[in-house]
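Welcome! Take a look at the sequence and the structure below, and then we will walk through them together.

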Amino acid sequence: MGEMKEGDHNNELIHRMAETLRQHIEPYRPGAWEQFKAQYGQPKRTVSALVRYAGWVAAAMLLVVCGWFLFNQTPENNLDTSRTAAESPMGQSGSELREAKRATQRAEESAPAVAMPTDRKESIRRLALVNDQEETVPVSRVPSAEAAEMPVAAAETPVVEQRAAREEPLRTDRQAQADRPGPLEALPMEREAVRTARRHTGKWDLGLVVSPSLTTERVNMGGGITVAYRLSEKFSLSSGASIGEWGLAQQAGTPQYAQRASLDVNEPVTGNAGFITDASQYKEVTAVTSNVLALDIPLDLRYHFTDRFYTSAGISFVTILNEQRTNHFIDRINQPTFGEGNSSHKDPVASTQAVYSSERAGVQPLEGKGYAGFVNFSVGRTVPLSRRVSISLEPYFKLPVGRLSREDMDFTNGGIRIITGF
Amino acid sequence: MSFNIRYLKGRHALSLESAVKGCAQDGDERSKEFIYKACYGYVRAITLRYVKNEHDAEELTNESFIRAFSKIGTFNSTESGERLEKSFRAWLARIAVNISIDFLRARKQLLALDEVSEGDLEQQRVEVSGELHVEDIMKLLAQLPEIQRAIFNLYEVEGYSHEEVSALLSIPESTSRTYLTRAKKKLRKLYLASINITAGI
């Protein structure tokens, strides 16, 4: 009887507890709805739209970069080196040159007030005749007065360089080029790495990279993939492959050995000895630039300060897939003296006009070479866009070391990597 | 002459019934706000019974509303007025319970913590008078292993059968019964201990 009473009492206790809990309602916490709306409402949709947008932009950029490289790899102009190099030192069209010839004749008919040797006039006439028959390309011209005082270092012509950079690189052996795997075909290892990484997504980080960079010559564009393996919470080992086209200038203090590809050694030398009889012999090399397509495979150790910030250092292996050199010349011709038909009031020295020209070099000393190339330094910040997708901005600096630093071209470059991580 | 305040306020006045209908028809943001504010305390009281951490309870409360708003089209009731509101609250409670159980199962601590011996239970002081206060009961509940607390809540408070509890927790019915008995025994013991402490003072 006593047990029953105790049992009833116990059940009553439990029932009372349950009923009390059932009836209980927590008080409303002020601001709960606003917080709920902010956390799970409209902004979430905006973020997902942003992720989608960022993904499309990254994919489009990568497509453009790949397309650009593939396009540049296609041989279009198989120009004969000697013909291509035979640019007009005066950079004039045929009609202008004919006008120059007429002016020369008029100048000869009139009293020669200018003290110019007859042989010099003869050589210029020959120059005009030779150039009239040759393919000419426009080059920038600088008025004589300013040009005469212009330092040689400033005599580079960006317009010509940009044009030269866009032109198809010379191919002396097209078959060899065709047999060589393209930059994107040369990445089976990276593809395997991607597949492996997808199997172990916990430890591996994958990313697509677009990296504008700056060399001493110009702004360049590159792109590729990056793979990182997390060694620990703080350290990870990253590698990958990227292809970039770099515009390079000669290193300071390097002797210029630009080859005068336009020099026609078979040209018979006429006139008196001691006078220049060929147009190319007026040329003075002011600069040599190079446009290289390079495959860069880095191996970096990355240290994560926090989840968002990291720094990395390592080395890069570089292979030059393609090279195109351009020589830049300055010519000094007193051609306007003849153009005006009357050179009597002109000082022939002061009226000398400087003409700048560029021509492709027939040599590619870097092409096909591989280097243990760069020491890399970078810092990066990762901005997560969603649980799986993030964007990292990583300013970097690449310093050439070893044989690469001893090449005549300055490979030092820096830029910013934009990495879409998955 | 009596006026219902909701009609004086015209279209701005909402009842839980109209808010549920408005939310189901066109996902009206104002209806959601009304439902959230009207049922927040009710749902939070449920989630707090299953998890000790207030932050977790808040998260589970919000997740319950997210699921309720997204599935509100599936809530069918031919009733109206208070009956519909009661039916809606029961529907909302079931969602909150399911989400809380999912949360506990995801943490994989549901069964592991059952090995706590009775000697390990803290002799936490509970203020007990003639009336049972929620705070005191919650303190007692908090001292139960999670699996026992969940079964006690499901069976005694929410009214689930042992069959439903076993399906929900993926345990045999017999285990559900055993754990419920243990839970009640421990609750009584804890309650008596708290009375003795109080009486001792």
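## A glycine in a strand

Let's begin with Gly244(A), which sits in strand E4 (residues 235-249) of chain A. Helices (H or I, at least four residues) and strands (E, at least two) are DSSP runs, numbered from the N terminus. This is a predicted model, where local features need pLDDT of at least 70, side-chain atom pairs count only at pLDDT 80 or more, and totals for chains, interfaces and linings use all residues. Residues are numbered from 1 along each chain as its sequence is written, while chains are lettered from A and ligands numbered from 1 in the order in which they are written.

Why does Gly244(A) count as buried? Gly244(A) counts as buried because it has 24 C-beta neighbours inside 10 Å; the cut-off is 20 or more other C-beta atoms within 10 Å of a residue's own, with C-beta atoms placed from the backbone.

## Its contacts

Leaving aside neighbours within four places in sequence, Gly244(A) is in contact with residues including Ser211(A), Asn220(A), Ala294(A) and Asp296(A). Contact here means that the C-beta atoms of two residues, placed from the backbone, lie within 7 Å. The C-alpha atoms of Gly244(A) and Val292(A) are 8.2 Å apart, although 48 residues separate the two along the chain.

## Chain A as a whole

Chain A has 12 helices and 10 strands. Of its 422 residues, 32% are buried.

## Where chains A and B meet

Chain B gives 22 residues to the contact and chain A gives 18. On the chain B side, H3(B) supplies the largest share, with 10 residues.

Key: A residue is buried if 20 or more other C-beta atoms lie within 10 Å of its own, exposed if 12 or fewer, and partly exposed in between; C-beta atoms are placed from the backbone.
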